[in-house]
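Subject: Handing over the structure

Dear colleague,

I am passing on the structure below, and after it I set out what was found.

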Amino acid sequence: MTEFVTRFHDADIVGILDTRLKEDVLKAYPGQEAAEEDDLMDCLIRIATATGDQFVFIIDEWDAICREFKSGTTAMDRYVNWLLRMFKGVNASNVFAGVYMTGILPVKKYKTESALNNFIEYSMVEPVDMARYFGFTKEEVHTLAEKHGMDFDELVKWYDGYQIGDEPSIFNPNSVMQALRSRRCRSFWASTGAFDAVANYIHMNFEGLKDDVIKMLAGGRGKVNTTKFQNDMSIVRSRDDVLTVLIHLGYLSYNWRKKECYIPNLEVEGEMSNAVETTDWTNVVKALQESEELLQATLDGDCKAVAQGIDVAHDENTSILSYNNENSLACVLSIAYFYARNDYVIHRELATGKGFADLVLIPRKNVDSPAIVLELKYNRDADSAIDQILRRQYPAKVSQYTGDLLLVGINYDRESKTHECQIQRWEMVGE
């Protein structure tokens with residue numbers, strides 16, 4: 001359908017489609033005749049009645065017309081009516097042995113019901129028992145990595161992370177295959193219509209959307225109600241609609257049990273970051289761009305530069321994030337250290353009692369950099385944060401790590417609204 005849509009752009013696209021298919025069918029059944037006014041379904045009914053044959057109808061990218069023509073246009077209305085005529089009428093079960101349609105979106109909803117509610121739909125939100133076939137499983141990718149001599153951990157970092165139904169670990173299959181062919185991992189998402197749509201949806205900036213996107217870029221999750229979306233990309237009216245579209249497009253993963261969405265992997269994270277950079281969220285864009293400098297300052301042991309960098313990240317996010325609880329501080333710090341995700345696996349640890357959240361950065365495989373443990377204090381001092389790291393004998397996330405370790409203590413002074421920082425290098429020795 002995508003190829004067909006690129007050739008025919010006018011409102012009569014459905015009429016052209018029906019005529020072309022009718023001609024093909026009549027060529028396959030030369031003994032059958034059709035009246036001039038007969039449409040495709042009339043021809044199929046005549047053939048099925050005369051021969052007893054049934055058909056299997058396959059549409060690849062069934063929703064291409066829906067994405068090209070907006071809801072309410074003549075072409076869109078004709079297409080929906082054509083689908084109903086073909087597959088919802090009383091003769092459909094006699095004519096068709098089966099109908100198989102693939103696409104990004106489930107069938108469009110009218111009010112609360114699908115236009116084709118006699119279909120079984122398998123989607124990113126409701127995969128039912130087909131979840132493992134939406135992509136590659138971890139076992140399949142591990143086998144491919146061994147066969148082609150690729151680093152499995154790198155493939156995990158770049159392309160894993162989709163939770164589809166009850167499948168906890170699904171990889172983007174197209175990106176995995178392209179990585180195997182090119183012998184390296186990188187983003188293979190083409191900056192085409194899908195990317196433009198994501199940027200446009202983020203630009204809508206419905207209430208709460210900006211907060212959710214920032215939290216997800218920082219490794220967090222956002223609540224989403226997927227039931228309101230009408231399965232029409234031209235009808236997007238709320239943050240829930242935007243997030244649901246991004247789930248169907250593969251820019252977000254969805255945990256159906258918790259009703260939460262999140263960015264699944266490094267590939268998508270980069271594309272989402274690129275989309276954010278096209279918005280007018282100048283403070284967020286600036287924080288993302290400055291995160292590389294903050295990481296380097298941390299590795300260099302430049303306490304003053306680190307404190308100033310976190311000051312900037314704090315100031316630029318206070319308009320959307322409260323700075324009086326652990327989750328908010330962890331989110332601000334995760335944005336501040338966003339660039340570190342290229343070389344580190346970032347873990348957020350919540351301290352007990354009145355303390356704030358810790359951030360633990362573990363270097364990825366083949367990265368020659370020290371692990372980093374950040375401990376935060378509120379109205380205390382940075383030295384006490386370092387002391388707490390030592391008393392706790394390091395977070396559990398680094399207990400098996402035997403390389404160098406940077407202990408970073410950060411204190412936030414509420415009165416001056418500034419941070420101070422202390423950095424201590426610690427050499428960990430494996431047993």
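In the second largest pocket, strand S11 provides the largest share of the lining, namely five residues; strands (E, at least two residues) and helices (H or I, at least four) are DSSP runs numbered from the N terminus. S11 spans 344–349, and the other elements giving two or more residues to this lining are helix H8 (152–159) and helix H13 (266–277). The pocket has a volume of about 730 Å³ and is lined by 23 residues, among which Gly219, Ile263, Pro264, Arg341 and Ile346 lie nearest its centre. By class, the lining has 10 nonpolar, six polar and seven charged residues, where Ala, Val, Leu, Ile, Met, Phe, Trp, Tyr, Cys and Pro count as nonpolar, Asp, Glu, Lys and Arg as charged, and the others, Gly among them, as polar.

Please keep in mind that this is a predicted model, in which local features need pLDDT of at least 70 and side-chain atom pairs count only at pLDDT 80 or more, while totals for chains, interfaces and linings use all residues. Residues are numbered from 1 along each chain as its sequence is written, and side-chain values use heavy atoms, with hydrogens and water left out.

On confidence, the protein chain has a mean pLDDT (the predictor's confidence in each residue, from 0 to 100) of 83, and 87% of its residues reach 70 or more. Confidence is lowest in strand S4 (residues 113–114), with a mean of 54, and highest in helix H7 (residues 138–148), at 97.

Turning to helix packing, the axes of H7 and helix H9 (residues 173–182) come within 11 Å and cross at roughly 10°, which makes H7 roughly parallel to H9 (angles under 35 degrees count as roughly parallel). The axes are lines fitted to C-alpha atoms, for helices over the stretch in contact, and angles run from 0 to 180 degrees between N-to-C directions. In contact terms (heavy atoms within 4.5 Å), Val141, Leu144 and His148 in H7 meet Val176, Met177 and Leu180 in H9.

Helix H2 (residues 13–28) and helix H5 (residues 74–87) pack at an angle of about 40°, with their axes 8 Å apart. Here Ile13, Val14, Leu17, Asp18 and Leu21 in H2 meet Ala75, Arg78, Tyr79 and Trp82 in H5, and these residues divide into seven nonpolar, no polar and two charged.

As for the term pocket, on a 1 Å grid over the protein atoms alone it is an open set of points with protein on both sides within 12 Å along at least five of seven lines, and lining residues have an atom within 4 Å of a point.

With best wishes

How values were computed: Angles under 35 degrees count as roughly parallel, over 145 as roughly antiparallel, 65 to 115 as roughly perpendicular and the rest as oblique. On a 1 Å grid over the protein atoms alone, a cavity is a set of points where a 1.4 Å probe fits but cannot get out, and a pocket is an open set with protein on both sides within 12 Å along at least five of seven lines; lining residues have an atom within 4 Å of a point. Grid points are joined across faces, edges and corners, and a volume is the space filled by probe spheres set on the points.
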